[in-house]
2 protein chains.
Amino acid sequence: MRIVVLAGGIGGARFLRGLKAAAPDADITVIGNTGDDIHLFGLKVCPDLDTVMYTLGGGINEEQGWGRTDETFQVKSELAAYGVGPEWFGLGDRDFATHIVRTQMLGAGYPLSAVTEALCDRWQPGVRLIPMSDDRIETHVAVETDGERKAVHFQEYWVKLRASVDALAVVPVGAEQAKPAPGVLEAIAEADVVIFPPSNPVVSIGTILAVPGIREAIAEAGVPVVGLSPIVGDAPVRGMADKVLAAVGVEASAAAVAEHYGSGLLDGWLVDTVDAAAVERIESAGIRCRAVPLLMTDPEEGTAAAAMAREALALAEEVREVRG
Amino acid sequence: MRIVVLAGGIGGARFLRGLKAAAPDADITVIGNTGDDIHLFGLKVCPDLDTVMYTLGGGINEEQGWGRTDETFQVKSELAAYGVGPEWFGLGDRDFATHIVRTQMLGAGYPLSAVTEALCDRWQPGVRLIPMSDDRIETHVAVETDGERKAVHFQEYWVKLRASVDALAVVPVGAEQAKPAPGVLEAIAEADVVIFPPSNPVVSIGTILAVPGIREAIAEAGVPVVGLSPIVGDAPVRGMADKVLAAVGVEASAAAVAEHYGSGLLDGWLVDTVDAAAVERIESAGIRCRAVPLLMTDPEEGTAAAAMAREALALAEEVREVRG
């Protein structure tokens, strides 16, 4: 079975670990969000790609969900001693090595997809990880502070401001001119199922879908497209997704997110059991829906994530059977 | 008193610490060798400049004479895990921060001299440290291995090969087209004395003198130019200087190095007491010479280095008086 997963960071990565456990023989291609990439200290940092790579490769800091395990912060503290920031972005020494290798390879002319493949040679994540695009795309968030409207990098909004102010707009700068990375459209065309994990529908999966050609390829693939709600009980499972949902005029509910994707893209949708009442509304929008436990409460064990993955695959199978 | 010192790495840096102690009120400008600069992992590394900066700024690893104190090696070990080398060059985590800041500033368009000044803002070395040139110069060494002649970067010759094969030639690639960095010629023109510390006469001071205009400015400055022999008892004080001396046809002796600089450039020369017999030969070459203790045996205390600096300044004074 060939599975394509569109993934952001922590939620996507933990779901993927469950998916590998649920479908050990599947051929899994992950299309990773690069809209949260940022240049820091002259280095190219790809937080979402790295979170997937480290999580599946056994190098992740399990407690925080991102960054490396057994991490130290000598480089960062020295940079601060030079007065060089930003200090709000937590890059550890082990993590720095990844960004140094990536930046060196990009400087030598390799595209990000080739660099990601090279980095994965070490981590052996057990999936094929492809950035959504080799072109530079940076998600910017429009905010108003002190009566002045300005755009900040998504990382500044998310990590520095911790989404403490309203997001007025979310713009994947560069997406319109970008092309899907080599292998992205091919993987979608050859997929048996496409899964949207419980990643952020705006700044993770939404950004991937903003790369021209990807949304169309998924819609036209003719295979089940199923997703898992990142909203449980009308609140995002992780963090501050409601802020960026508001920016695109979508309420923070499992049903609203499903409707945001729409039946033209999405065939099936899993909501948490606490949102069982939303199933009817979602199905009336033409999207097959099931209510199942959606909390990845044991990230290290991955059994909850594996159960979620099995439910997603079962829902995909239902969709396939109904279509005949 | 305005003193200009041409400096390489460890020997120059330790001498400078002594000079600061010996002449606390002097205005000291250090023209640093950049011929041993190297790009590693996409980062610009300036070993000699950093050794001077760390030594005078209190950040040096005193035992090895280069690199940072309390150093760790997480980044390097992670780079090795990615299969990215070279492993023979010992970059620590703290040191990496310096190279990251430098590379970022160079990428932003600042010349190396401005970057060096910015780095020194933190270290407060107590001297003005200027790279010999803002232009890229890389010392390459011609060697013959397995019957094949090839050129290797100086760092590869020095650090990886540990000068274990003969140096057939030493070429400061790029020097001919280079210009002295802003402030270099001005500092020489305004100097009261120019000192060659016991740095390598070929790959440190020789490289600085290879930048068009610097040798001429020193010769024409009309002030005492005094040096300290890096060779004591017919062997280099540190490392493998005899190998690169042989490449330029100079025997490894205190007298031969003085003659290599020549009386057209050098007015005074200090040799170690064990080389007292060479004084006559050196003076007959038109270079005033004294035999004094030249071993910096107590790098942390710096008293030996300070005594050497006092001898150098005294010799400069003698030269000045003789000239009238």
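This is a predicted model: local features need pLDDT of at least 70, side-chain atom pairs count only at pLDDT 80 or more; totals for chains, interfaces and linings use all residues.

User: What describes two packed helices?

Analyst: Two packed helices are described by the angle between their axes and the distance between the axes. Axes are lines fitted to C-alpha atoms, for helices over the stretch in contact, and angles run from 0 to 180 degrees between N-to-C directions. Helices (H or I, at least four residues) and strands (E, at least two) are DSSP runs, numbered from the N terminus. Here, α4 (residues 93-107) and α5 (residues 112-123), both of chain A, pack at about 140 degrees with axes 10 Å apart. α4(A) and α5(A) are therefore oblique to each other. Angles under 35 degrees count as roughly parallel, over 145 as roughly antiparallel, 65 to 115 as roughly perpendicular and the rest as oblique.

User: What is the hand of the crossing of α4(A) and α5(A), and which residues meet?

Analyst: α4(A) passes α5(A) in a right-handed crossing. A crossing is left-handed if the near helix is turned anticlockwise from the far one by less than a right angle, and right-handed if clockwise. From α4(A), Thr98(A), Val101(A), Arg102(A), Met105(A) and Leu106(A) meet residues of α5(A), including Leu112(A) and Leu119(A). Contact means heavy atoms within 4.5 Å. By class, this contact has 8 nonpolar, 1 polar and 1 charged residues. Ala, Val, Leu, Ile, Met, Phe, Trp, Tyr, Cys and Pro count as nonpolar, Asp, Glu, Lys and Arg as charged, and the others, Gly among them, as polar.

User: How do α4(A) and α3(B) cross?

Analyst: The axes of α4(A) and α3 (residues 74-81) of chain B come within 8 Å and cross at roughly 50 degrees. That makes α4(A) oblique to α3(B). The crossing is right-handed. Among the contact residues are Phe96(A) and Ile100(A) of α4(A), with Val75(B) and Leu79(B) of α3(B). The classes are 6 nonpolar, 1 polar and 3 charged residues.

User: Is Thr98(A) buried or exposed?

Analyst: Thr98(A), in helix α4 of chain A, counts as buried at 0% relative accessibility. Buried means under 20% relative accessible area, exposed over 50%, partly exposed in between (1.4 Å probe, protein chains only). Beyond its neighbours within four places in sequence, Thr98(A) contacts Asp50(A), Met53(A), Tyr54(A), Leu119(A) and Tyr82(B).

User: How many aromatic pairs are there over all chains?

Analyst: A pair of aromatic rings is described by the distance of the centres and the angle of the planes. Rings of Phe, Tyr and Trp (its six-membered ring) pair if their centres lie within 6.5 Å; planes under 30 degrees apart count as stacked, over 60 as edge-to-face and the rest as tilted. The structure holds 12 aromatic pairs over all chains. One of them, Tyr54(A) with Trp123(A), is edge-to-face: 5.3 Å centre to centre, 65 degrees between the planes. Tyr54(A) lies in α2 (residues 47-57) and Trp123(A) in α5 of chain A, so the pair ties together parts 69 residues apart in sequence. Tyr54(A) is buried at 1%, and Trp123(A) is buried at 8%.

User: Where is Asp25(A) found?

Analyst: Asp25(A) is in the loop between α1 (10-22) and β2 (27-32) of chain A. Asp25(A) is exposed, with a relative accessible area of 74%. In chain B, Leu161(B) is in the loop between α6 (154-160) and β8 (169-173), and is partly exposed at 24%.

How values were computed: Residues are numbered from 1 along each chain as its sequence is written. Chains are lettered from A and ligands numbered from 1 in the order in which they are written. Side-chain values use heavy atoms; hydrogens and water are left out.
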